[in-house]
Amino acid sequence: ITDSDGNVMFRTNEEKTNIFIPEQDYGYIMNGADFTAYCTLTSNNWRIFCHSKSNGVTQARKTFCIVFVAAIVIGVLLSVILILVYIKWYISPIYEFEGIMKRVGDSNMNIRWTPKKATKEIQEMAKGFNSMVDSISELIERVEEGNRLNTRLNAKVIEEQLNAHFLYNVLNSIYYIADSGDHEKTAAMTE
């Protein structure tokens, strides 16, 4: 600490004897490896000096740069993690939907999709999918009912054809027996 005339009143490092006191209120002086910062107190005109080897300042700059770069790297990593979490949150219902579609493709029409966590768009897609599966199930039921009805009608047609053919054969047999003159067999067949 110096007085207003530049006389040293207190020194922490006794090795330094030459101290330059400028006419400014504050500033710094770099002299080779030394760094000196100072300011003048206006109330009593005292000057306060802070002296450091410049490698200490360089170390502070290096520390600042390391902390700054580390903060940027951490910020980028956090951004990437947040993006990945958001993508997983947004895309996981799509993967779930893909599995449900495969099961519907394997003829499991009893499945309905209710996404656990999803955006409004995904919920609308689930609603449309469930409606589509309901419509497909109804159409399949109609086709199956039509096939059952068609099978019954074909069986009925065949049955009717067999009944007419059977009746023709019976009448033809009665005719031949009657024509052969065996009246007892003719009477037994017609009973």
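# Briefing on helices α1 and α2 and the loop between them

Thr 119 is placed in the loop between α1 and α2, in a structure that is a predicted model. At 12% relative accessibility Thr 119 counts as buried, because the limit for that class is under 20%. The points below proceed from this loop residue to the helices, the aromatic pairs and the nonpolar core.

**Surroundings of Thr 119**

- The side chain of Thr 119 makes a polar contact with the side chain of Glu 121, at 3.1 Å.
- When neighbours within four places in sequence are left aside, Thr 119 is in contact with Trp 89 and Tyr 90.

**Helix α2**

- Helix α2 runs over residues 120-180, and its 61 residues should span 90 Å at 1.5 Å a residue; the end C-alpha atoms are 89 Å apart, which agrees with that expectation.
- The buried residues of α2 are Ile 122, Ala 126, Phe 129, Asn 130, Val 133, Ile 174 and Ile 177.
- Asn 130, which is placed in helix α2, is buried with a relative accessible area of 15%, and it touches Arg 112 and Trp 113 when residues up to four places away in sequence are not counted.
- Just after α2, Gly 181 takes a positive phi of about 95°.

**Aromatic pairs**

- The structure holds 5 aromatic pairs, and one of them is formed by Tyr 86 and Tyr 90, whose rings are stacked at 5.9 Å centre to centre with 15° between the planes.
- Tyr 86 and Tyr 90 are 4 residues apart in helix α1 (residues 54-105), and therefore they are separated by about one helical turn.
- Tyr 86 is partly exposed, with a relative accessible area of 48%, and Tyr 90 is likewise partly exposed, with a relative accessible area of 32%.
- Phe 97 and Trp 113 also form a stacked aromatic pair, with 4.4 Å centre to centre and 20° between the planes.
- Because Phe 97 lies in helix α1 and Trp 113 in the loop between α1 and α2, this pair ties together parts that are 16 residues apart in sequence.
- Both Phe 97 and Trp 113 are buried.
- Ring pairs also link Tyr 86, Trp 89 and Tyr 90 into a cluster.

**Nonpolar core**

- In soluble globular proteins, nonpolar side chains tend to be buried together.
- The largest nonpolar core has 11 residues in all, namely Phe 97, Ile 100, Val 104, Met 109, Ile 111, Trp 113, Ala 118, Ile 122, Ala 126, Phe 129 and Val 133.
- Helices α1 and α2 each supply at least two residues of this core, and α2 gives the most to it, with 4 residues.
- Ile 100, a member of this core, touches Ile 111, Trp 113 and Phe 129, again without counting residues up to four places away in sequence.

**Arg 103**

- Arg 103 lies in helix α1 and, at 46% relative accessibility, counts as partly exposed.
- Not counting residues up to four places away in sequence, Arg 103 touches Asn 108 and Ile 111, and Ile 111 is itself one of the residues of the largest nonpolar core.

Methods. Residues numbered from 1 in each chain as written. Predicted model: local features only at pLDDT ≥ 70, side-chain atom pairs only at ≥ 80, totals over all residues. Heavy atoms only, no water. Expected span 1.5 Å × (residues − 1). Buried < 20%, exposed > 50% of the residue type's maximum accessible area, 1.4 Å probe, protein only. Phe/Tyr/Trp six-rings, centres within 6.5 Å; stacked < 30°, edge-to-face > 60°. Contact = heavy atoms within 4.5 Å. Core = buried A, V, L, I, M, F, W, Y, C linked by side-chain atoms within 4.5 Å. Polar contact = N/O pair within 3.5 Å; in protein donor to acceptor, adjacent residues only side chain to side chain.
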